[in-house]
Amino acid sequence: PRQVLVRNSMSTVIDPNNLQAVLSGLEGKDETMDPRVRQQAAVLAFGRRTTAQPAISILMQDAGALVAEILQTDYSGVAELVDGGSTLMLRVSDGDLSGKAAHAMTHRGPLDPTSSLAAHALNTASPVVCADLKADSRFRDLFLRKLGMTGAVCVPLHLAQKAFGTLAVYSKS
């Protein structure tokens, strides 16, 4: 079996065949563990999930959690087009590496680019970085503001030149 080496002061080796042991050791987000080891464990967990070929919505949630882990933010979000592409369904989670979301909030909204960060990213077909949601004049995302989010990065997802959703990470500070 192939092993992945993370170089740090203690040279940690993660065995992809024993990933569950690695992930169980990360529950509770042990801050003493090297962030690179945590990030690599997240990538391995996502890789394992993709080989199982879950529903696209589950894979998107996992991808959002992976990006949140790599960027070290506490919240991730996935928006999917529903109702024939006229509505966005946004799910914001504050999950952990095991994929268990402690809290998930959902919101349905219009595809109007001025109504939300996700709708804006989809309509502009480019990533959106927002340092201050309250002050941003491109859109008014009342849902994210109500949740206390202040900063965000949102990336539109396209397949065969057709938009189908977004991945995002959020911060309350």
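Colleague: What does the side chain of Ser116 reach?

Modeller: The backbone nitrogen of Ala119, at 3.0 Å. Keep in mind that this is a predicted model.

Colleague: Where is Ser116 placed?

Modeller: In the loop between β5 (101-110) and α4.

Colleague: Is Ser116 buried or exposed?

Modeller: Buried. Its relative accessible area is 14%, and the cut-off for buried is under 20%.

Colleague: Which residues does Ser116 touch, not counting those up to four places away in sequence?

Modeller: Leu88, Phe139, Arg140 and Asp141.

Colleague: On to His120. Where does His120 lie?

Modeller: In helix α4, residues 117-124.

Colleague: Why is His120 classed as buried?

Modeller: Because its relative accessible area is 13%, and buried means under 20%.

Colleague: And what does His120 touch, with residues up to four places away in sequence left out?

Modeller: Pro113, Val128, Arg138 and Phe139. Phe139 is also on the list for Ser116.

Colleague: New topic, Met89. Which strand is Met89 in?

Modeller: Strand β4, which covers residues 87-95.

Colleague: What is the relative accessible area of Met89?

Modeller: 25%, so Met89 counts as partly exposed. That class sits between the 20% and 50% cut-offs.

Colleague: How far apart are Met89 and Ala79 in space?

Modeller: 5.3 Å, C-alpha to C-alpha. In sequence they are ten residues apart.

Colleague: Leaving aside neighbours within four places in sequence, what is Met89 in contact with?

Modeller: Ala79 is one of the contacts.

Definitions and conventions. Residues are numbered from 1 along each chain as its sequence is written. This is a predicted model: local features need pLDDT of at least 70, side-chain atom pairs count only at pLDDT 80 or more; totals for chains, interfaces and linings use all residues. Side-chain values use heavy atoms; hydrogens and water are left out. Helices (H or I, at least four residues) and strands (E, at least two) are DSSP runs, numbered from the N terminus. Buried means under 20% relative accessible area, exposed over 50%, partly exposed in between (1.4 Å probe, protein chains only). Contact means heavy atoms within 4.5 Å. A polar contact is a pair of N or O atoms within 3.5 Å; within protein, one must be able to donate a hydrogen and the other to accept it, and residues adjacent in sequence count only if both atoms are side-chain atoms.
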